[in-house]
Every structure is written in structure tokens, then in C-alpha cells.
Amino acid sequence: MSEIETADELQRREFEEALEVKSLRRIISAYLNYPEAAEEDVKRWERSLTKLPPHHKALLSHLPSKFQKLRWCITENSYFIFEMLKMFEPPLDMSQDVDIRENQHLDDVSGSHHFSRSRNLCLCESTSTSGGVDCHCLAEPSSKETCNGKYPAPFNKEQEVDDCKSLPDQDTLYAFACCNGKVSSSPPEWLDPSLQLHVPLVDVDKVRCIIRNIVRDWANEGQKERDQCYRPILEELERLFPNRSNENPPACLVPGAGLGRLALEISCLGFASQGNEFSYYMMICSSFILNHTQAAGEWTIFPWIHSNCNSVSDNDQLRPISVPDIHPASAGITEGFSMCGGDFVEVYSDPSQAGVWDAVVTCFFLDTAHNIVEYIEIISKVLKDGGVWINLGPLLYHFADMYSPEDEMSIDLSLEDVKRVALHYGFIFEKESTIETTYTTNLRSMMQNRYYAAFWTMRKKTRRLCS
């Protein structure tokens with residue numbers, strides 16, 4: 001086959017990159033649209049209050065004050081989001097013009113807002129010689145200048161929400177173009193408001209989901225869920241690999257790594273750990289926490305403000321959460337720790353990945369597949385003979401109820417069928433149980449959704465060589 005790229009191949013590659021740039025702009029716009037969408041929620045709640053008869057409204061005279069406190073919390077979340085975006089180094093040229101014809105629009109090809117299936121970009125956060133975490137992106141870092149502008153000051157962690165007296169006005173609330181001097185870089189050009197897209201509310205809901213995921217992975221409040229989900233996996237790895245060495249650490253792959261906490265914890269156990277994540281929403285946030293946080297508790301977010309349902313009290317809903325609970329660069333990671341962005345199937349079906357990994361850990365990952373059989377096949381291929389696969393999670397298939405013109409494929413197998421497929425691909429069960437757990441749950445909510453997750457350890461059979 002000729003190594004010279006044909007005109008059709010070049011056109012397709014440029015088109016795919018244009019799609020990915022537009023998809024990434026849409027994700028960044030979802031983050032930037034967060035404060036406006038959250039403010040609209042507050043206004044809707046205020047409108048509902050005005051419709052009450054006076055004698056009912058008199059009973060709820062505290063609510064206007066609560067709504068103002070909610071606005072302050074939105075400002076604090078927005079500050080965190082914008083500082084996170086300023087530190088993101090896109091793997092693509094975000095300044096390029098994206099001209100996609102109407103019959104080739106983004107939603108027809110890449111509406112899932114993830115890394116393109118055809119382009120495997122590796123945004124790797126790998127350990128540096130100094131013990132910190134460095135981010136190596138395909139794009140050149142944006143230029144940085146000192147910003148002398150104003151931005152709402154961070155929430156004082158010593159100050160209760162009830163003590164808030166002065167609240168930012170709307171112009172200040174959305175003053176994204178400046179910073180308050182705490183971070184010395186100015187916004188990169190690709191954050192210019194003129195490039196911002198109007199995105200559907202479902203995209204902003206994903207931002208709210210990311211904020212809840214930060215609690216699960218990087219807050220003290222998420223420790224209970226991490227103990228339920230991550231601790232059994234970590235204990236199993238320690239049991240299976242008792243003689244680890246820094247000189248030759250066992251290699252562990254973590255598909256669906258999300259915000260990176262589990263992959264980091266595995267690295268801290270003495271493994272050469274690599275997390276893999278498909279979602280730009282997740283990668284932008286994990287890169288910020290892993291690479292750019294300076295200390296534990298550096299940031300304050302308010303993850304539970306987006307719903308008034310099932311709250312025991314207003315203080316529960318408005319409570320601040322400090323993140324991260326640890327300083328990632330000081331956690332004691334093992335050399336070789338990395339985060340690789342891209343579709344699991346596309347990246348790890350490459351022949352160079354065959355038989356590379358001593359262990360594969362999947363946590364709340366298998367049900368993200370269009371074709372779970374393909375996931376299991378690839379897990380088997382990337383493992384060394386005798387390698388182990390540790391899994392924990394439910395089977396809430398992400399594409400099972402997705403109705404769209406594209407008719408997305410979703411192979412929704414029972415747990416029994418999943419086990420049968422695993423046996424077909426050369427796995428032997430060593431350990432199996434059920435673990436009760438939650439996922440991004442508000443510990444103080446009156447509603448607690450629980451999973452009875454499958455937890456297993458399987459080992460890939462060692463192939464016998466013919467004499």
C-alpha cells in the first residue's frame with residue numbers, strides 16, 4: 001500500500017479533524033454555558049415563588065435569601081470551571097475555521113462529544129522526574145500573560161454560606177474574560193466569547209455530572225463510595241501482585257478512568273498504571289486536578305445546588321466541598337503513570353497493545369460499550385498470558401434506550417451471558433461476589449440509588465506452546 005496520502009484520504013482526515021474541533025468547541029461551550037443555565041434554574045424557581053398567594057409566600061420568606069446564596073455558589077462553581085478551562089491545552093488547533101456543510105454537520109457523525117473514533121489522540125499525563133505529574137499534549141501551550149482584571153473572589157472556606165452579605169451582580173457573575181490575580185495566566189484565544197456556541201441543556205447537564213464526579217473521586221465526602229468501589233479492587237491487586245518492585249512494576253490498564261483517582265491509587269500501590277478515557281468532559285477536568293492543583297483543599301465547589309429535590313435542609317444543599325482531598329503530585333505515584341485519551345476499542349485494538357498488560361481493571365465501565373463482546377475480546381488480547389482482569393460494576397447499558405436517527409448499536413447482555421463470553425475468550429474465574437454501592441450520590445439526600453455490582457477476578461489462560 002502506498003505511504004502517500006491520497007486526496008480522498010487527506011480530505012477525510014481534514015473533515016474528521018474539523019468535526020473534532022467543533023465537538024471540542026461544543027464541550028467547552030457547555031462548560032462556559034454552565035452559569036447561564038444555572039441562573040435560569042434560579043430564575044425559574046423565583047418565578048414559581050411569585051405565583052404563590054400572599055399567605056403562602058409569607059411562610060417562605062427565607063427563599064429569596066436562599067436564591068441569592070445559590071447565585072453565589074454558582075459563581076464559585078463558575079470560577080473553578082473557568083480556571084480549569086484556562087489550564088487546558090487542546091490537542092487540536094482551536095483557532096482554525098470549521099466549515100462543515102449542512103449535510104455533514106457534527107451531530108450526524110460525532111454527536112457523542114468524545115474523542116473521534118477515527119483519531120486516537122493521546123493526552124498523556126505522565127510522571128515527571130520530580131515526582132509531579134506533567135501533561136504532554138499534541139498542541140503547543142497557549143501563551144500566558146499577567147491578568148490585572150477582576151473576577152469574583154473565591155469563597156472563603158471559613159465563612160458559612162449563611163454569612164454571605166455581598167453577592168456579585170450579573171455582570172460580575174459572567175465576567176469570564178478576566179481573572180482575580182490568583183492565577184497569573186490570561187484566557188487563551190480559543191476561550192474568546194465569539195467562539196462560544198449555544199448548546200442544548202443536555203450538554204450543560206454533563207457539566208453538572210462532572211461536578212458530582214469530582215466529589216466521588218477527589219473529595220473527602222466521596223471516600224465512602226471510593227471505599228465501596230475502589231478499595232476491593234486495590235486490595236485484590238495487592239493480593240495478586242505481592243512482590244512488586246519499583247524497578248519493574250507490573251503494568252495495569254484502567255479503561256474508563258473518568259477523573260483519574262482509581263488509576264492514581266493503583267499507581268501509588270506500585271503499578272505502572274495507565275488510565276484511558278473517551279470523554280473530553282472528563283479529560284479536561286482530570287488534567288486540571290492531576291496536573292495543576294497545588295495543594296489539598298485548594299478549590300471549593302458546591303455540587304448539590306442544582307436540584308431542590310430530596311434535600312433535608314437548605315444548608316445541606318448549599319454546603320461547600322473542598323477538593324482535591326489529596327495533592328495528586330505528592331501522593332507517591334509510580335513512574336509510568338499516565339492518562340491516555342481515546343476510544344478504548346480504537347486505541348487498544350492496535351497490535352502494539354497485544355499482550356502488554358499484567359492487569360486490566362474495569363470499574364463501572366463494561367456497560368459503556370456499544371458491543372460488550374468487543375470490549376471483552378480486547379481485554380483478553382491486551383493481557384499477558386496469566387494476566388488478571390478485575391471488574392466491578394453494574395450492567396446499566398448506556399446506549400440501551402438511546403433513540404436517534406443513527407439507531408446506535410447496543411448489545412445488552414445479561415450477567416450470565418457476559419460471563420459466558422468471558423469464558424470463550426480464555427478467562428477463568430478465580431473470585432466472584434456482589435458489592436452494594438452508590439454512584440455520585442449525595443450522602444445527605446433523602447434518595448439513595450444503590451447498585452448491586454458484579455465484582456470478579458478472572459485470569460487469562462496461559463497458552464500451551466506446541467513442542
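The secondary structure of the chain comes to 14 helices and 11 strands, where helices (H or I, at least four residues) and strands (E, at least two) are DSSP runs numbered from the N terminus. The structure is a predicted model, in which local features need pLDDT of at least 70 and side-chain atom pairs count only at pLDDT 80 or more, while totals for chains, interfaces and linings use all residues. Residues are numbered from 1 along each chain as its sequence is written, and side-chain values use heavy atoms, with hydrogens and water left out.

Of the 467 residues of the chain, 51% count as buried; here buried means under 20% relative accessible area, exposed means over 50%, and partly exposed lies in between, as computed with a 1.4 Å probe on protein chains only. Contacts, defined as heavy atoms within 4.5 Å, were also examined along the sequence. Among those between residues at least 6 apart in sequence, 80% join residues at least 24 apart.

Aromatic side chains were considered next. Rings of Phe, Tyr and Trp (for Trp, its six-membered ring) pair if their centres lie within 6.5 Å, and a pair counts as stacked when the planes are under 30 degrees apart, as edge-to-face when they are over 60, and as tilted for the rest. By this rule the count comes to 15 aromatic pairs. One of them is formed by Phe80 and Trp299, which are arranged edge-to-face, with 5.7 Å from centre to centre and 75° between the planes. Because Phe80 lies in helix 4 (residues 63–87) and Trp299 in strand 5 (residues 299–301), this pair ties together parts that are 219 residues apart in sequence. Phe80 is buried, at 3% relative accessibility, and Trp299 is likewise buried, with a relative accessible area of 4%. A further pair, formed by Phe344 and Tyr348, is tilted, with 5.6 Å from centre to centre and 35° between the planes. Phe344 and Tyr348 are four residues apart in helix 12 (residues 344–348), so about one helical turn separates them. Phe344 counts as buried at 2% relative accessibility, and Tyr348 counts as buried at 2%. Phe80 and Trp299 also belong, together with Tyr79 and Phe288, to one aromatic cluster.

Phe364 takes part in an arrangement with a charged residue. A charge sits over a ring if NZ of Lys or CZ of Arg is within 6 Å of the ring centre and within 35 degrees of the ring normal, and the charged end of Arg216 sits in this way over the ring of Phe364, 5.4 Å from its centre. Phe364 is found in the loop between strand 8 (357–363) and helix 13 (372–382), and at 14% relative accessibility it counts as buried. The backbone of Phe364 has a positive phi of about 50°, although the residue is not a glycine.

Asn310 is another residue that is not a glycine but has a positive phi, in this case of about 60°. Asn310 lies in the loop between strand 5 and helix 11 (314–318) and is partly exposed, with a relative accessible area of 31%. A cis peptide bond, with omega near -10°, leads from Val323 to Pro324, and Pro324 is found in the loop between strand 6 (321–323) and strand 7 (338–341).

The packing of two helices was then described. The axes of helix 2 (residues 34–50) and helix 7 (residues 201–218) come within 10 Å and cross at roughly 95°, where axes are lines fitted to C-alpha atoms, for helices over the stretch in contact, and angles run from 0 to 180 degrees between N-to-C directions. Helix 2 and helix 7 are therefore roughly perpendicular to each other, since angles of 65 to 115 degrees count as roughly perpendicular, those under 35 as roughly parallel, those over 145 as roughly antiparallel and the rest as oblique. Tyr34, Ala37, Ala38 and Asp41 in helix 2 meet Leu201, Val204, Val207, Arg208 and Ile211 in helix 7. Lys206 also lies in helix 7 and is partly exposed, at 28% relative accessibility. The C-alpha atoms of Lys206 and Tyr281 are separated by 7.7 Å, although these residues are 75 residues apart along the chain.

Cysteines were examined last. With a disulfide taken as a pair of cysteine sulfur atoms within 2.5 Å, the count comes to zero disulfides. Cys73 counts as buried at 0% relative accessibility, and Cys340 counts as buried at 2%.
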